[in-house]
Amino acid sequence: MNNRAESGPSSDVITLAGVEKRFGDFVAVDDVSFSIAEGEFFSMLGPSGCGKTTTLRMIAGFEVPTSGQIRLRDADVSRVPPHKRNVNTVFQHYALFPHMTILENVAYGPRSRRTKRVEAERRATEMLELVQLGEFAARKPNQLSGGQQQRVALARALVNLPEALLLDEPLGALDLKLRQYMQLELKRIQREVGITFVYVTHDQEEALTMSDRIAVMNRSKVEQIGTPVEIYERPVSVFVASFIGQANMVSAVSAGRDGEGHVVQAMGSVVPAVGHGDLGTGALTLMIRPERVRLTRSSPAETAPEGSVVATITSMVFQGPVIRVAARPADGSELVAHLPPDAASTMPQPGDEVWCSWDRDSALLLPGSPPTG
């Protein structure tokens, strides 16, 4: 799972070992174990109620685990209060002091630790320059935009150089374009300061854009931990495959093995696929990303091992960077392809019959049934 739970203390800042959190009979976090390395941008991604925010709150010290252990460096901090942990948290609501200037807001952390005013303001000024707000030092929070206020909150959290910065959906209140800009800004800032960032989000684009590794959570458990490429290209479960990006997910029945790969019955045809780990003996799902599907008017050339089905185009939708083409194979399922806009003039139209094909490595076999709805 690439969770590095057994990594040495020299590189890991945060370690969770068998952590569980119960609220009465409700299990919010169930047997979670992973380690986060020094200087890593680590995201916890999942739908509402999956346990990601509760996990972050336990790392911060706002919640105490029911069982298991949380370590900061080599120290067990499972029951250490927040103010005695060398971590800081940035929430969606920045809670800046409205009566203070931006410089005074950022200098508040060092001043609260009895740092001399001149030194505190020097460090605050350096941090404001890092987040590109040096020219706004004399302004009050209500004179800044939402994105600028968010950067002030970051500077205030980073000025004391914590072991890790914990971020609980801090971009949720921003509009789409500003949110996309701040994703890149957060990654830039994190690289420059070199501090471990632990980020909670339900937005897959945020996680893929910023993270070194992602923990995908579902129903109180971690389903997979990996790099953005690993999570996207090689999901280990139907949930991860459907939650990360867009994917064709169709029922499949095993038809045997073909060398190191699999052969399955799916979409009314027999097609090759790849599978990793234990697929079990129950239902199977074939996953193919839409950008991996090719459309041709004639049968694809028999070169490298590939899968293909005949289907009828049912719809075409222009979506800016791609054209979404939906086609119906013989079994009545749906197969979606994402094609570049410049293909519009030559591609078949709704009602036309086409060949849909893909490379063997693009067809991933997963245990379980396809999602419904």
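**Note on helix packing and selected residues**

1. Asn 105 lies in helix α2. The model is a predicted one, and in it Asn 105 counts as buried, because its relative accessibility is 0%. Leaving out residues up to four places away in sequence, Asn 105 touches Leu 96, Phe 97, Met 100, Pro 141, Val 152 and Arg 156. Asp 361 is 256 residues from Asn 105 in sequence, and the two C-alpha atoms are 53 Å apart in space.

2. The axes of α2 and α4 cross at roughly 30° and come within 7 Å. Angles under 35 degrees count as roughly parallel, so α2 and α4 are roughly parallel to each other. Their crossing is right-handed.

3. Helix α2, residues 102-112, also packs against helix α3, residues 117-130. The angle is about 120° and the axes are 8 Å apart. The pair α2 and α3 is therefore oblique. As α2 passes α3, the crossing is right-handed. On the α2 side the contact is made by Ile 102, Leu 103, Val 106, Ala 107, Pro 110 and Arg 111. On the α3 side it is made by Arg 117, Ala 120, Glu 121, Arg 123, Ala 124, Thr 125, Met 127 and Leu 128. By class, the contact of α2 with α3 has nine nonpolar, one polar and four charged residues.

4. From α4, Gly 147, Gln 150, Arg 151, Leu 154 and Leu 158 take part; from α5, Leu 178, Tyr 181, Met 182, Glu 185, Leu 186, Ile 189 and Val 193. The class count for the contact of α4 with α5 is eight nonpolar, two polar and two charged residues.

5. Glu 20 has its place in strand β1, residues 12-23. Is Glu 20 buried or exposed? Its relative accessibility is 17%, so Glu 20 counts as buried, the limit being under 20%. Neighbours within four places in sequence aside, Glu 20 is in contact with Val 27, Val 29, Asp 30, Asp 31, Pro 65, Thr 66 and Ser 67.

6. His 338 is in strand β18, residues 335-339. His 338 is buried, because its relative accessible area is 14%. Apart from neighbours within four places in sequence, its contacts are Gln 246, Pro 290, Glu 291, Gln 319, Val 322, Ile 323 and Arg 324. His 276 lies in a loop, between β13 (269-275) and β14 (284-288). With residues up to four places away not counted, His 276 touches Arg 234 and Leu 364. His 276 and Met 210 are 66 residues apart in sequence, with their C-alpha atoms 27 Å apart.

7. On the cysteines: Cys 50 is buried, as its relative accessible area is 2%. Cys 356 also counts as buried, at 1% relative accessibility. How many disulfides are there? The count comes to zero, where a pair of cysteine sulfur atoms within 2.5 Å would be needed.

8. For the protein overall, the secondary structure comes to eight helices and 20 strands. The C-alpha trace spans about 75 × 50 × 35 Å along its principal axes. Of the 373 residues, 50% are buried. Among contacts with a separation of 6 or more, 67% are between residues 24 or more positions apart.

Key
Residues are numbered from 1 along each chain as its sequence is written. This is a predicted model: local features need pLDDT of at least 70, side-chain atom pairs count only at pLDDT 80 or more; totals for chains, interfaces and linings use all residues. Side-chain values use heavy atoms; hydrogens and water are left out. Axes are lines fitted to C-alpha atoms, for helices over the stretch in contact, and angles run from 0 to 180 degrees between N-to-C directions. Helices (H or I, at least four residues) and strands (E, at least two) are DSSP runs, numbered from the N terminus. Angles under 35 degrees count as roughly parallel, over 145 as roughly antiparallel, 65 to 115 as roughly perpendicular and the rest as oblique. A crossing is left-handed if the near helix is turned anticlockwise from the far one by less than a right angle, and right-handed if clockwise. Contact means heavy atoms within 4.5 Å. Ala, Val, Leu, Ile, Met, Phe, Trp, Tyr, Cys and Pro count as nonpolar, Asp, Glu, Lys and Arg as charged, and the others, Gly among them, as polar. Buried means under 20% relative accessible area, exposed over 50%, partly exposed in between (1.4 Å probe, protein chains only).
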